Amino acid sequence: MPKKTLDEIWQLEDPVVLIGELAAYIAEKCQYGEDLSVLSEPERIFYTTQILEEEVNNGGFGQFFFNSSGDLANKVVH
């Protein structure tokens with residue numbers, strides 16, 4: 001399935017689908033957190049808070065800090 005462009009993502013009406021597609025787009029853009037320097041400040045904020053939310057929803061704050069996503073802790077606080 002072809003990936004959506006950013007313009008196509010912003011046209012989505014269902015907010016849950018929009019957030020999911022935007023999260024996937026940004027995650028791929030930064031190589032799933034390997035290169036956050038390619039993201040704008042709003043994209044970094046979105047990415048880090050999205051990762052935090054996903055981990056907390058999956059297993060709580062312990063899950064966030066235990067997994068490699070905990071490496072983003074200082075960016076989430078910022």
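Predicted model: local features only at pLDDT ≥ 70, side-chain atom pairs only at ≥ 80, totals over all residues.
User: Where is Q50, and what is it in contact with?

Analyst: Q50 sits in helix α3. Leaving aside neighbours within four places in sequence, Q50 is in contact with I19 and A23.

User: How do α2 and α3 pack?

Analyst: Helix α2 covers residues 15-29, and helix α3 covers residues 41-59. They pack at an angle of about 110°. Their axes are 10 Å apart.

User: Why is α2 called roughly perpendicular to α3?

Analyst: Angles of 65 to 115 degrees count as roughly perpendicular. The angle here is about 110°. Therefore α2 is roughly perpendicular to α3.

User: Which residues make the contact?

Analyst: From α2 come I19, L22, A23, I26, A27 and K29. From α3 come E43, F46, Y47 and Q50. These residues divide into 7 nonpolar, 1 polar and 2 charged.

User: Which residues make up the largest nonpolar core?

Analyst: That core has 12 residues in all. Among them are I9, L18, L22, A23, I26, F46, Y47 and I51.

User: Which elements give two or more residues to this core, and which gives the most?

Analyst: The elements giving two or more are α2 and α3. Helix α2 gives the most, with 5 residues.

Key
Residues numbered from 1 in each chain as written. Heavy atoms only, no water. Axes fitted to C-alpha atoms, helices over the stretch in contact; angles between N-to-C directions. Helix = DSSP H or I, 4+ residues; strand = E, 2+ residues; numbered from the N terminus. Parallel < 35°, antiparallel > 145°, perpendicular 65-115°, else oblique. Contact = heavy atoms within 4.5 Å. Nonpolar A, V, L, I, M, F, W, Y, C, P; charged D, E, K, R; others polar. Core = buried A, V, L, I, M, F, W, Y, C linked by side-chain atoms within 4.5 Å. Buried < 20%, exposed > 50% of the residue type's maximum accessible area, 1.4 Å probe, protein only.
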